[in-house]
Amino acid sequence: MLLKFAYQDFLDDRKFKNTTKTNIKNYEMILKKFIDYAIKNQVVNVEDITYSHGFLKLHGGMRSH
């Protein structure tokens, strides 16, 4: 699946599940950065994403609350 379609499907699913507008905006902001990074690194399919692509390494990994 292309990232741009997965991105839109995810946002549509969150809206369907009544996620707050603030959370939707946060998802949009974070995922947009990720998708831009992936495209810049010639990764356009969800299936081609691996940890080795380095996005999490460059952006501080996963942060817990």
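Y27 is partly exposed in this predicted model, with a relative accessible area of 30%. Its ring belongs to the one aromatic pair that the structure holds. The partner is F10: the two ring centres lie 5.0 Å apart and the planes meet at 85°, so the pair is edge-to-face. An angle over 60 degrees is what places a pair in that class. F10 also counts as partly exposed, at 28% relative accessibility. Because F10 sits in helix α1 and Y27 in helix α2, the pair ties together parts that are 17 residues apart in sequence.

| Residue | Relative accessible area | Class |
|---|---|---|
| F10 | 28% | partly exposed |
| Y27 | 30% | partly exposed |
| A38 | 4% | buried |

A38 lies in helix α2. Leaving aside residues up to four places away in sequence, A38 touches L3 and V43. A38 and L3 are 35 residues apart in sequence, and their C-alpha atoms are 8.7 Å apart in space.

How do the axes of α1 and α2 cross? Helix α1 covers residues 3-16 and helix α2 residues 21-40; their axes come within 11 Å and cross at roughly 170°. That makes α1 roughly antiparallel to α2, because angles over 145 degrees count as such. On the α1 side, the contact is made by L3, Y7, F10, L11, R14 and K15. These meet I24, Y27, E28, L31, K32, F34, I35 and A38 of α2. Sorted by class, the contact of α1 with α2 has 10 nonpolar and four charged residues, with no polar ones.

For the protein as a whole, the secondary structure comes to three helices and zero strands, in the order α-α-α along the sequence. Of the 65 residues, 15% are buried. Among contacts between residues at least 6 apart in sequence, 46% join residues at least 24 apart.

The mean pLDDT of the protein is 85, and 78% of the residues score at least 70. Which elements have the lowest and the highest mean pLDDT? Helix α3, residues 55-58, has the lowest at 60, while α1 has the highest at 95. Where pLDDT is low, predicted coordinates should not be read in detail.

Note on methods
Residues numbered from 1 in each chain as written. Predicted model: local features only at pLDDT ≥ 70, side-chain atom pairs only at ≥ 80, totals over all residues. Heavy atoms only, no water. Axes fitted to C-alpha atoms, helices over the stretch in contact; angles between N-to-C directions. Helix = DSSP H or I, 4+ residues; strand = E, 2+ residues; numbered from the N terminus. Parallel < 35°, antiparallel > 145°, perpendicular 65-115°, else oblique. Contact = heavy atoms within 4.5 Å. Nonpolar A, V, L, I, M, F, W, Y, C, P; charged D, E, K, R; others polar. Phe/Tyr/Trp six-rings, centres within 6.5 Å; stacked < 30°, edge-to-face > 60°. Buried < 20%, exposed > 50% of the residue type's maximum accessible area, 1.4 Å probe, protein only. pLDDT = per-residue confidence, 0-100.
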